[in-house]
Amino acid sequence: MLELRELPALIHFQNDNVWSAAVGRLRYWMTPHVNRDELGEPLLEGSTLDVEVWQGPWAKEFSTIEEVRTFPLTPEGLEQVLPWLREWLFKIEGRRVMSSEEELTLRKEPEKGD
């Protein structure tokens with residue numbers, strides 16, 4: 001059985017690092033938007049984490065993003081991400097498996113600037 005187990009620690013995102021991963025046919029990309037104080041230290045208040053999901057096998061730039069959800073960039077916000085991703089994993093893995101030829105028809109060309 002496919003399972004999402006853990007995400008990076010909060011500090012990973014507070015340091016402006018993105019995260020991408022795949023489980024089965026689920027692909028996801030996480031982008032932090034960090035508010036900082038006058039000394040450049042990360043603030044929890046107002047900081048967010050955008051999580052994009054799509055069905056593989058293609059990389060993000062060749063795929064149609066199915067949903068983007070914004071979570072608070074807090075310990076509580078990170079706790080909300082895994083259950084949401086697990087719902088998407090269940091949804092995507094429940095779909096019919098396509099042939100390679102069918103998957104090729106879904107591949108899109110990246111937009112300029114990607």
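Buried means under 20% relative accessible area, exposed means over 50%, and partly exposed covers what lies in between, with a 1.4 Å probe and protein chains only. The structure is a predicted model, in which local features need pLDDT of at least 70 and side-chain atom pairs count only at pLDDT 80 or more, while totals for chains, interfaces and linings use all residues. Residues are numbered from 1 along each chain as its sequence is written, and side-chain values use heavy atoms, with hydrogens and water left out.

The protein contains three helices and four strands, and its pattern along the sequence reads α-β-β-β-β-α-α. These elements are DSSP runs numbered from the N terminus, helices being H or I with at least four residues and strands being E with at least two. The C-alpha trace spans about 55 × 35 × 15 Å along its principal axes. Of the 114 residues in the protein, 33% are buried. If contact is taken as heavy atoms within 4.5 Å, then among contacts between residues at least 6 apart in sequence, 50% join residues at least 24 apart.

The buried residues of helix 2 are Gly 77, Leu 78, Val 81, Leu 82, Trp 84, Leu 85, Trp 88, Leu 89 and Ile 92. An α-helix has 3.6 residues a turn, so residues three or four places apart point the same way. The cover over the buried residues of helix 2 includes helix 1 (10–14), strand 1 (19–23), strand 2 (26–36), strand 3 and strand 4.

Glu 3 lies in the segment before helix 1 and is partly exposed, with a relative accessible area of 45%. Between Glu 3 and Phe 90 there are 87 residues in sequence, yet their C-alpha atoms are 9.7 Å apart in space.

The charged side chains come next. Side chains of opposite charge can pair when their charged atoms come close. With a salt bridge defined as a side-chain nitrogen of Lys or Arg within 4 Å of a carboxyl oxygen of Asp or Glu, the structure holds six salt bridges. In one of them, Glu 66 pairs with Arg 95, their closest N and O atoms being 2.7 Å apart. Glu 66 lies in the loop between strand 3 (42–55) and strand 4 (67–72) and Arg 95 in the loop between helix 2 (75–93) and helix 3 (100–106), so the pair ties together parts that are 29 residues apart in sequence. Both partners are partly exposed, Glu 66 at 32% and Arg 95 at 29%.

A further salt bridge joins Arg 69 and Glu 67 at 3.1 Å from N to O, with Arg 69 partly exposed at 35% relative accessibility and Glu 67 partly exposed at 24%. Glu 102 and Arg 96 also meet in a salt bridge, at 2.9 Å from N to O; here Glu 102 is partly exposed at 28%, whereas Arg 96 is exposed at 56%.

Val 68 is placed in strand 4 and is partly exposed at 49%. Apart from neighbours within four places in sequence, Val 68 is in contact with Asp 50, Val 51 and Glu 52.

Two details of the backbone remain. The peptide bond from Gly 56 to Pro 57 is cis, with omega near 25°, and Pro 57 lies in the loop between strand 3 and strand 4. Asp 16, in the loop between helix 1 and strand 1, has phi near 65°, a positive value in a residue other than glycine.
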